[in-house]
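Here's a quick tour of some aromatic rings and one backbone angle. Have a look at the structure first, then read on.

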Amino acid sequence: VDLQQRRQQDTALKLTDRDAEVVLEADVAASVERVWTAMTDPLQQLRWRVGATSVESDREPGVGAKTHCVHGRTAVTQEIVDWQPESYYSFTEHN
């Protein structure tokens, strides 16, 4: 039994659009895999996050992973709270 996977399943939230303060959605002319990588890989995020000078994650993406994004003097931490690979993910954000 993969205990880490089991723990994530037990603690993962199941969110809907009604639970969110903001929902971002777009149609993109690329494969699901390519878009998913662009959204979740810190090095790829540097290419599309406007004004970002640094994007680092504390581990592989999934529930509980934290990404630290620096925009000039502003640093933002995002923690993944719901993770449905190649479908969607939800996060909380703190300055």
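Trp36, Trp83, Tyr89 and Phe91 are joined into a cluster by ring pairs. Rings of Phe, Tyr and Trp (its six-membered ring) count as a pair if their centres lie within 6.5 Å, with planes under 30 degrees apart called stacked, over 60 edge-to-face and the rest tilted. Keep in mind that this is a predicted model: local features need pLDDT of at least 70, side-chain atom pairs count only at pLDDT 80 or more, and totals for chains, interfaces and linings use all residues. Residues are numbered from 1 along each chain as its sequence is written, and side-chain values use heavy atoms, leaving out hydrogens and water.

**The ring pairs**
- Searching the whole structure turns up four aromatic pairs.
- One of them is Trp36 with Trp83: the centres sit 5.0 Å apart and the planes are at 55°, so this pair is tilted.
- Trp36 belongs to helix α2 (residues 32–40) and Trp83 to strand β3 (residues 74–84), so the pair ties together parts 47 residues apart in sequence. Helices (H or I, at least four residues) and strands (E, at least two) are DSSP runs, numbered from the N terminus.
- Tyr89 and Phe91 make a tilted pair too, at 6.1 Å centre to centre and 35° between the planes.

- Trp36 and Trp83 are both buried (under 20% relative accessible area; exposed is over 50%, partly exposed in between, with a 1.4 Å probe and protein chains only).
- Tyr89 is buried at 19%, while Phe91 is partly exposed at 36%.

**A backbone angle**
- Glu86, in the loop between β3 and β4 (88–94), has a positive phi near 60°.
- Most residues other than glycine have a negative phi.
- Glu86 is partly exposed, with a relative accessible area of 42%.
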